[in-house]
Amino acid sequence: MCSSDLGVVSAQNGHLRLANPIYGAVFSRDWVQHQLAALRPPIYGEAIRAWQAAPPEERPSHLISGAALEEAQQWAKGKRLSDEDQEFLDASRGAAEATRQAEAKALLAQEQARLAEERARVAELETTRAQEQAALAEQDRSEEHTSELQSPCNLVCRLLLEKKK
């Protein structure tokens, strides 16, 4: 049953007009807004009212995210939302996506820093190992040289070397 059939409104010049001024007093714009607000999920309703009342620079702080955003999106499915409801949901989705991207970027930066630190530790260990191997090789050459000079074959060489000094 339509409101025109009930006598609440009548068509005049292509527009709907209230048939009786009492209906205008009872079903005022405030009443309609209150009824629409009652249909919204509680957290969403509180957030959008705060968002609507806030100055433009403070509106982002009233957006919803996480479970509240998911609940609001489920509620909005298949509904024809007001322009403000749609704007609020779009802004909330955009902010949630920006937050997700920022978190992913931060995680990536942390992982890259961890990998760079790990690479530095590996390079330091490799340098230390190379130094140790060089020291061992030098010690082996020194011992080899000393043992050569102490062998009977090289005794003459050693004596000649000492005589030159």
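**A buried arginine and the salt bridges of the chain**

At 13% relative accessibility, arginine 40 counts as buried, because the cut-off for that class is under 20% relative accessible area. The model in which this arginine is described is a predicted one, and the position of arginine 40 within it is the loop between helix H2 (29-39) and helix H3 (42-53). When neighbours within four places in sequence are set aside, the residues in contact with arginine 40 are Gly45, Ile48, Trp75, Ser82 and Asp85. With aspartate 85, the side chain of arginine 40 makes a polar contact of 2.9 Å, and the two residues form a salt bridge in which the closest N and O atoms are 2.9 Å apart. This pair links distant parts of the chain, since aspartate 85 belongs to helix H5 (residues 83-150) whereas arginine 40 lies in the loop between H2 and H3, 45 residues apart. Aspartate 85 is itself buried, with a relative accessible area of 5%, and arginine 40, at 13%, is likewise counted as buried.

The setting of this pair is a protein chain whose secondary structure comprises six helices and two strands, arranged along the sequence in the pattern β-β-α-α-α-α-α-α. Of the 165 residues in the protein chain, 15% are buried. Among contacts between residues at least 6 apart in sequence, 44% join residues at least 24 apart. The accessible surface of the protein chain amounts to about 13100 Å², and carbon and sulfur atoms account for 56% of that surface.

The two strands, E1 (residues 9-12) and E2 (residues 15-18), pair in the antiparallel sense over four bridges. Together E1 and E2 form a hairpin with two residues between them, and asparagine 13 in the turn has a positive phi of about 55 degrees. Glutamine 12 stands opposite histidine 15 of E2.

Aspartate 90 forms a salt bridge with arginine 93, the closest N and O atoms being 2.7 Å apart; both residues lie in helix H5, three residues apart, or about one turn of the helix. Aspartate 90 is partly exposed, at a relative accessible area of 39%, and arginine 93 is also partly exposed, at 32%.

A further salt bridge joins the side chains of arginine 121 and glutamate 117, with an N to O distance of 3.0 Å. Because arginine 121 and glutamate 117 are four residues apart in helix H5, about one helical turn separates them. Arginine 121 is partly exposed, with a relative accessible area of 40%, and glutamate 117, at 48% relative accessibility, also counts as partly exposed. Salt bridges that share partners join Glu117, Glu118 and Arg121 into one network.

Technical notes:
Residues numbered from 1 in each chain as written. Predicted model: local features only at pLDDT ≥ 70, side-chain atom pairs only at ≥ 80, totals over all residues. Heavy atoms only, no water. Buried < 20%, exposed > 50% of the residue type's maximum accessible area, 1.4 Å probe, protein only. Polar contact = N/O pair within 3.5 Å; in protein donor to acceptor, adjacent residues only side chain to side chain. Contact = heavy atoms within 4.5 Å. Pairing = 2+ DSSP bridges. Areas by Shrake-Rupley, 256 points an atom, 1.4 Å probe, with all protein chains shown as cover. Salt bridge = Lys/Arg side-chain N within 4 Å of Asp/Glu carboxyl O.
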